[in-house]
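Good morning, and thank you for coming.

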Amino acid sequence: YHQLSSALPGQLMDAILMTIPPGHRFPIDQREGEDFLYMVEGELVSKVGDVVMKLRKGDSMHFRSQSPHSAWNESDHDAVLLYVGTPSIFRGKAQD
């Protein structure tokens with residue numbers, strides 16, 4: 001992944017460009033905050049609550065992350081995803 005956000009004091013959100021290989025599945029997550037996903041290349045299947053969507057290049061979704069959610073790459077190609085979300089998972093950590 002490539003972290004696009006900076007080490008801003010009191011950082012509340014992250015912006016991350018991720019390359020997701022074929023077969024990768026993110027674990028189910030649920031937390032206070034919001035997530036925004038934008039597909040740069042390829043496709044992912046995303047599940048938020050009971051809603052399952054296939055995201056393709058140019059698609060986006062924005063949701064409250066209190067709902068259980070996950071995403072996975074069931075294609076044969078890498079997927080490139082721009083993730084923007086709160087709260088920051090990098091807050092207080094050193095940046096590359």
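Let me begin with a definition: a residue is called buried under 20% relative accessible area, exposed over 50%, and partly exposed in between. Please bear in mind that this is a predicted model.

With that scale, we may turn to E43. Its relative accessibility is 23%, so E43 counts as partly exposed. This residue forms a salt bridge with R56, with 3.7 Å between the closest N and O atoms. R56 sits in strand β5 and E43 in strand β4, so the bridge ties together parts of the chain 13 residues apart in sequence. R56 has a relative accessible area of 44% and is therefore partly exposed as well.

How many salt bridges does a search of the whole structure find? The search finds six. Another of them joins E41 to K57, the closest N and O atoms being 3.4 Å apart. Here, too, distant parts of the chain are linked: E41 belongs to strand β3, while K57 is in the loop between β5 and β6, 16 residues away. E41 is partly exposed at 37% relative accessibility, whereas K57, at 56%, counts as exposed.

A further salt bridge pairs R31 with D35, and its closest N and O atoms are 2.7 Å apart. Are these two residues buried or exposed? R31 has a relative accessible area of 19%, so it counts as buried. D35 is buried too, at 4% relative accessibility.

The side chains of D35 and H69 are joined by a polar contact of 3.2 Å. H69 lies in strand β7, which covers residues 69–72, and is buried at a relative accessible area of 9%. Beyond its neighbours within four places in sequence, H69 is in contact with several residues, including R31, D35, K47 and F63.

In soluble globular proteins, nonpolar side chains tend to be buried together. In this model the largest nonpolar core has 15 residues, of which M18, I20, L37, M39, L44, M61 and L81 touch the most other members. Strands β2, β3, β4, β6 and β8 each supply at least two residues of this core.

Thank you; I welcome your questions.

Technical notes
Residues are numbered from 1 along each chain as its sequence is written. This is a predicted model: local features need pLDDT of at least 70, side-chain atom pairs count only at pLDDT 80 or more; totals for chains, interfaces and linings use all residues. Side-chain values use heavy atoms; hydrogens and water are left out. Helices (H or I, at least four residues) and strands (E, at least two) are DSSP runs, numbered from the N terminus. Buried means under 20% relative accessible area, exposed over 50%, partly exposed in between (1.4 Å probe, protein chains only). A polar contact is a pair of N or O atoms within 3.5 Å; within protein, one must be able to donate a hydrogen and the other to accept it, and residues adjacent in sequence count only if both atoms are side-chain atoms. Contact means heavy atoms within 4.5 Å. A nonpolar core is a set of buried Ala, Val, Leu, Ile, Met, Phe, Trp, Tyr and Cys residues joined through side-chain atoms within 4.5 Å. A salt bridge is a side-chain nitrogen of Lys or Arg within 4 Å of a carboxyl oxygen of Asp or Glu.
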